[in-house]
Amino acid sequence: MKITFYFQNAPVQQWLDELSQALPGAQLSAWQPGAPPADYAVVWQPPQQLLDEQSQLKAVFNLGAGVDALLKLQWPAQLPLVRIDDGGMAVQMAEYVSHALIRHFRGLDQYDEQQRAGEWKMHRTRLRSEFPVGVMGLGVLGERVARAVAQFDFPVRGWSRSPKQIEGVQCFSGEQGFRDFLAATRVLVNLLPLTPETQNIIHHGTLAQLKPQAYVINVARGAHLVEEDLLAQIDSGHVAGATLDVFRTEPLPPEHPFWKHPKITVTPHSSANTMRHASVAQIAAKIEAFERGESVAGLVDIGRGY
Ligand code: NDP
Ligand code: OXD
């Protein structure tokens, strides 16, 4: 079995060594233009040329949860695409979102400023009931985040395409459900996949429906958020601030207003990283299952876009 690997700016040899150990019968190599045909491709953000040249692939394994970059390419009809399911990312996402939420709720940024100014001043304790959290997307990561936040006794809502039942989470679905979800949310967390339906979903109208003094945590994709609309809603005072991990242009350009905005926290697309060891084990097990003709978890529905 031949496997071709592409992950720009990653320690490719380490990935190849670990994949070879996990799949001792396989021949692994880093993809380059003109590489011989392989049976499987393991990739993160590959060029179109890889798909064009590798016409004998039985499946492609994406080294991440989001497949939006892959589905921007011309995807060969019938070529199965498999995403990473959790692979160590869900716990990272849960800690990142819980941290951002609690930092905002407890006013810890204000205490940081006060420390710099040498000022001893306590603020009124706020009520969790006044900070309902709404998680958009209740998949592998969103469900874990919703459950984690519920552990801190915040009221938690969730919104997904299909109806769900999650203990401790009030679940909404569909278009009417979206309006009810937004009206019941103060802290909006985005964990949707980027698809034609969800692009620009956080815009002026969406933000306006949130409870006053709303807060936005975007950890999914930059193209979900209309950046000027967020800035306008912060200026108007309806939105109190945001923690943003993903951006329309990455790296975030040096002149971008988000960098220096006092109410926006920026991190460099690092809320949840692909963990090599867990991902290698997962991909190896899935390739073996594929070879045996078994179904694998995380198969992407290409038409749906996630
Ligand atoms: P999943 O595919 O497991 O879950 C997606 C969820 O979104 C599902 O609940 C799905 O609903 C819901 N959804 C999709 N489309 C719609 C829609 N049109 N309306 C309402 N709900 C919708 O994805 P993951 O949880 O694994 O990952 C989510 C995203 O997080 C990734 O696509 C990626 O973009 C991002 N990500 C970001 C990282 C970072 O470092 N910042 C790291 C990893 C991922 P249903 O359940 O009904 O299908
Ligand atoms: C992913 C990501 O989608 O890292 O896995 O953004």
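**Ground rules.** I worked with a predicted model, where local features need pLDDT of at least 70, side-chain atom pairs count only at pLDDT 80 or more, and totals for chains, interfaces and linings use all residues. Residues are numbered from 1 along each chain as written, chains are lettered from A and ligands numbered from 1 in the order written, and side-chain values use heavy atoms, without hydrogens and water.

**Ligand 2.** I looked up its neighbours, meaning residues with a heavy atom within 4 Å. I found Trp44, Gly64, Ala65, Gly66, Met89, Arg221 and His269 around ligand 2. Next I checked polar contacts, which to a ligand are pairs of N or O atoms within 3.5 Å. Polar backbone atoms lie 2.7 Å from a ligand oxygen at Ala65 and 2.8 Å from one at Gly66. The side chain of His269 puts an N or O atom 2.7 Å from an oxygen of ligand 2. I noted that the protein covers 87% of the 210 Å² of accessible area (Shrake-Rupley method, 1.4 Å probe) that ligand 2 has on its own.

**Ligand 1.** Here I found 30 surrounding residues, the closest being Arg83, Leu141, Ser162, Lys164 and Tyr306. A backbone N or O atom of Leu141 is 2.8 Å from an oxygen of ligand 1, and one of Val219 is 2.9 Å from a nitrogen. The protein covers 93% of the 950 Å² that ligand 1 has on its own.

**Rings.** I found 13 aromatic pairs. Rings of Phe, Tyr and Trp (its six-membered ring) pair if their centres lie within 6.5 Å; planes under 30 degrees apart are stacked, over 60 edge-to-face, the rest tilted. Tyr40 and Phe290 have ring centres 6.0 Å apart and planes at 85°, so I wrote them down as edge-to-face. Tyr40 is in strand E3 and Phe290 in helix H10, so this pair ties together parts 250 residues apart in sequence. Tyr40 is at 0% relative accessibility and counts as buried (under 20%; exposed is over 50%, partly exposed in between; 1.4 Å probe, protein chains only). I also saw a cluster of Trp159, Phe172, Phe178 and Phe181, linked by ring pairs.

Terms used: A polar contact is a pair of N or O atoms within 3.5 Å; within protein, one must be able to donate a hydrogen and the other to accept it, and residues adjacent in sequence count only if both atoms are side-chain atoms. Helices (H or I, at least four residues) and strands (E, at least two) are DSSP runs, numbered from the N terminus.
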